Amino acid sequence: MEEPENSAPSTEVEPREPDREGKEFPCDNCGANMTWDPAVDSLGCAYCGHRVAVPRDEGVVVERALEDVGDALRGFGVEVRVTKCKNCGARVTFDEHSTSELCVYCGSANVLSQEANRNALRPESLVPLDVSQAEVKERFRDWIEGRWFRPTELKKTRNFDAVGIYVPFWAFDCEVHSDWSADSGTYYYVNQPYVVMVNGKPTMRMRRVRKVRWRPAWGKRDDSYDDLLIHASLGLAPKLAAKLGGFDTRGLVPYRPEYLAGWRAEEYQVDLSGGWQKAQSQVVDRQRSLCGADVPGDTFRNLRVQNHIHDVFWKHALF
């Protein structure tokens, strides 16, 4: 069996009262609502051009033990509305001054407005949007011009709505002690006679045959996992996310609701408990691979791994 021994405790605890403080960011000059401008890393007013810097170095990116989930804040800390797509299942937030008639992921018009989940765990950190809509459009036009073969309708496309969205992930840290045992195999070769027919007569020949000498083997190892990312989105398929490339968690900054102003964020659809189960499964698979590599010799069989996963910490991050 490869079940983790003494794994982290259940995350089913009494939740903390949701933080119901809804924040808006009015412009000091004209009073209009400001939104996050990725091009200049600040809140910007679309009406008068006034900008307010959002410091990235304030606060700490918090990591919590699994048993401390009850102490985590709830909600996004800003008033939002939510649409749920009946096609792909994504629940995407948008500010109350915006409208949303199409799913930002699959384009379906079959969306239903719902109340935001105020009891959802608040993100502890995020990587702020850094690419402006204007830059996205410019890159898209350059990409179209660089295609020799492209659909006619795509070729005609010159204007489109670039939608920025934060995608939810869980990030887990843990320590693992693994004890393993296996049969270690060492190759050796023997000459084996065999008979072939030559000119109608049986003829004895020799061939080299590989065999395996088996011996018992055992060992142990200790490993650390840092920021093991678990996809918590329904809208963005995990395989597509993998093709888009990994996320650099070194860019994480403490969560501030200002970063969501004027943009959208998907509520996680894989909860903390489900996320940890997926992470734990990845850890177990990885430890089996590492322990298999530790077995001496040329090959092995009957590998058994006993894992003790401990010191588990998590954070909810938006990318």
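The charged end of Arg 213 sits over the ring of Tyr 188, 4.2 Å from the ring centre. A charge is counted as sitting over a ring if NZ of Lys or CZ of Arg is within 6 Å of the ring centre and within 35 degrees of the ring normal. Arg 210 likewise lies over the face of Tyr 187, at 3.9 Å from the centre of that ring.

The model is predicted, with local features needing pLDDT of at least 70 and side-chain atom pairs pLDDT 80 or more, while totals for chains, interfaces and linings use all residues. Residues are numbered from 1 along each chain as its sequence is written, and side-chain values use heavy atoms, without hydrogens and water.

Rings of Phe, Tyr and Trp (its six-membered ring) form a pair if their centres lie within 6.5 Å; planes under 30 degrees apart are stacked, over 60 edge-to-face, and the rest tilted. The count comes to six aromatic pairs. Strands (E, at least two residues) and helices (H or I, at least four) are DSSP runs, numbered from the N terminus. Phe 169 and Phe 319 are both buried, buried being under 20% relative accessible area, exposed over 50% and partly exposed in between (1.4 Å probe, protein chains only). Ring pairs also join Phe 247 to Phe 169 and Phe 319 in a cluster.

The pair of Phe 172 and Trp 276 is tilted, with 5.3 Å centre to centre and 50° between the planes. Because Phe 172 lies in strand β11 and Trp 276 in helix α4, the pair ties together parts 104 residues apart in sequence. Both residues, Phe 172 and Trp 276, are buried.

Helix α4 (residues 272-294) has 23 residues, which at 1.5 Å a residue should span 33 Å; the end C-alpha atoms are 32 Å apart, which agrees. The expected span is 1.5 Å times one less than the number of residues. Among the buried residues of α4 are Leu 272, Trp 276, Ala 279, Val 283 and Leu 290. Residues three or four places apart in an α-helix point the same way, because there are 3.6 residues a turn.
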